[in-house]
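User: I would like to go through this model with you, one topic at a time. Please keep the answers plain.

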Amino acid sequence: MGKYDEGTRDALAASFEQDGFVVLRNHFSRATIEAWRDAFAPLLQPHVEQAREASTSGNRGPGRYYVTLPFEGGFADPAIFCDEDIVGIVERVAGPDPVMCQLATDTPVLGSVHQEWHRDTPPLFDDAPETPSFQLAVNFPLVDVDDSNGPLETTRGTHRLSRDEALAGLEAGRFPAERVPMQVGDVMIRDVRGLHRGTPNLTGEPRPMVVIGYSRAWYFRPEVHIDVPRDVFAALPARARRLLRFNPQVDETARTFDENYRQFAY
Ligand SMILES: O=C(O)CCC(=O)C(=O)O
């Protein structure tokens with residue numbers, strides 16, 4: 001049981017088709033997301049310390065951290081990654097039987113700057129940018145996000161254009177930049193080809209944004225994966241297990257500080 005009926009999911013998918021993203025307001029409970037925030041804080045800290053020791057700041061550009069989440073505890077809750085409304089919309093825009101391929105966070109801290117405008121993936125086929133969606137990101141913040149702490153800045157309708165066309169349209173004002181403030185509990189579903197960028201976090205508090213990646217049934221992204229502990233996998237409902245089918249199963253999750261998903265901007 002989701003929150004939305006089939007007609008509402010159809011309407012949200014239609015809005016996605018047009019804009020390249022859709023925001024579900026107040027979708028998850030604040031208590032659930034605050035538990036994620038509390039579990040996330042100790043995972044970020046070693047990355048910040050490692051960067052400080054190396055006299056840098058950020059593993060994803062200045063003041064910006066990409067941190068993979070271990071697939072365990074609340075982070076492996078099928079009520080989140082297998083949410084019926086979210087998967088219902090993902091299936092409408094990226095086809096039936098999708099694959100979940102990524103569970104991570106993007107966190108700008110004080111000292112972060114504007115990213116370059118970018119998309120997260122190249123087109124599926126050279127010179128054919130208008131293909132239907134094949135790679136989606138589901139984003140939700142672990143803190144309230146407003147102009148002060150680095151809201152995502154995006155554009156509407158650039159997800160099925162070439163990079164050059166999208167950038168020219170942005171420059172000419174045809175696709176105006178739009179900041180997306182989000183409250184804890186809000187969820188954004190976006191085509192990763194939409195032109196977007198991170199903005200600076202001007203506060204002393206990190207701004208973690210979860211990213212769950214979903215791909216078309218046949219699309220495999222070797223640059224990301226989720227280590228799924230066998231015992232966690234075995235306890236999941238069938239639909240959740242199916243979503244995770246391309247991921248390796250492991251005895252236990254690794255705590256690695258070597259984030260190797262570095263090539264993310266196209
Ligand atoms: O965290 C954000 O607001 C955007 C991050 C982003 O677009 C990226 O790192 O690719």
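Predicted model: local features only at pLDDT ≥ 70, side-chain atom pairs only at ≥ 80, totals over all residues.

User: Which residues of α4 are buried?
Analyst: Helix α4 covers residues 84-94, and its buried residues are Ile86, Val87, Ile89, Val90, Val93 and Ala94. They lie on the same side of α4, because the arc they cover around the axis is only 160°.

User: Why would residues spaced like that point the same way?
Analyst: An α-helix has 3.6 residues a turn, so residues three or four places apart point the same way.

User: And what do the buried residues of α4 pack against?
Analyst: Their partners are helix α1 (6-19) and the strands β1 (21-24), β4, β7 (187-191) and β9.

User: On to the sheet. In what order do the six strands run?
Analyst: The order is β1-β7-β4-β9-β3-β2, in an open sheet with antiparallel pairing. β1 and β2 (64-68) are the edge strands, each pairing on one side only. From one strand to the next, the twist averages 20°.

User: Which helix packs on the sheet, touching β2, β3 and β4?
Analyst: That is α2, residues 30-53, whose direction makes about 110° with that of β2.

User: Now β9. Is it mostly covered or mostly open?
Analyst: Strand β9, residues 209-215, is mostly covered, with seven of its seven residues buried. Met209, Val211, Gly213 and Ser215 point one way, while Val210, Ile212 and Tyr214 point the other way.

User: How many bridges join β3 to β9, and how many join β4 to β9?
Analyst: Strand β3 (residues 99-108) is joined to β9 by seven bridges, running antiparallel. Seven bridges also link β4 (residues 135-141) to β9, again antiparallel.

User: Last topic, the whole chain. How many helices and strands are there, and how compact is it?
Analyst: The chain has seven helices and eleven strands. Its radius of gyration is 18 Å, close to the 18 Å that the globule rule gives for 266 residues, so the chain is as compact as a globular protein of that length. The C-alpha trace spans about 45 × 45 × 35 Å along its principal axes.

User: What percentage of the residues count as buried?
Analyst: Of the 266 residues, 37% count as buried.

Terms used: Residues numbered from 1 in each chain as written. Buried ≥ 20, exposed ≤ 12 C-beta atoms within 10 Å, placed from the backbone. Helix = DSSP H or I, 4+ residues; strand = E, 2+ residues; numbered from the N terminus. Pairing = 2+ DSSP bridges. Rg over C-alpha atoms; globule rule 2.2 N^0.38 Å. Arc of directions from axis to C-beta. Contact = placed C-beta atoms within 7 Å. Axes fitted to C-alpha atoms, helices over the stretch in contact; angles between N-to-C directions.
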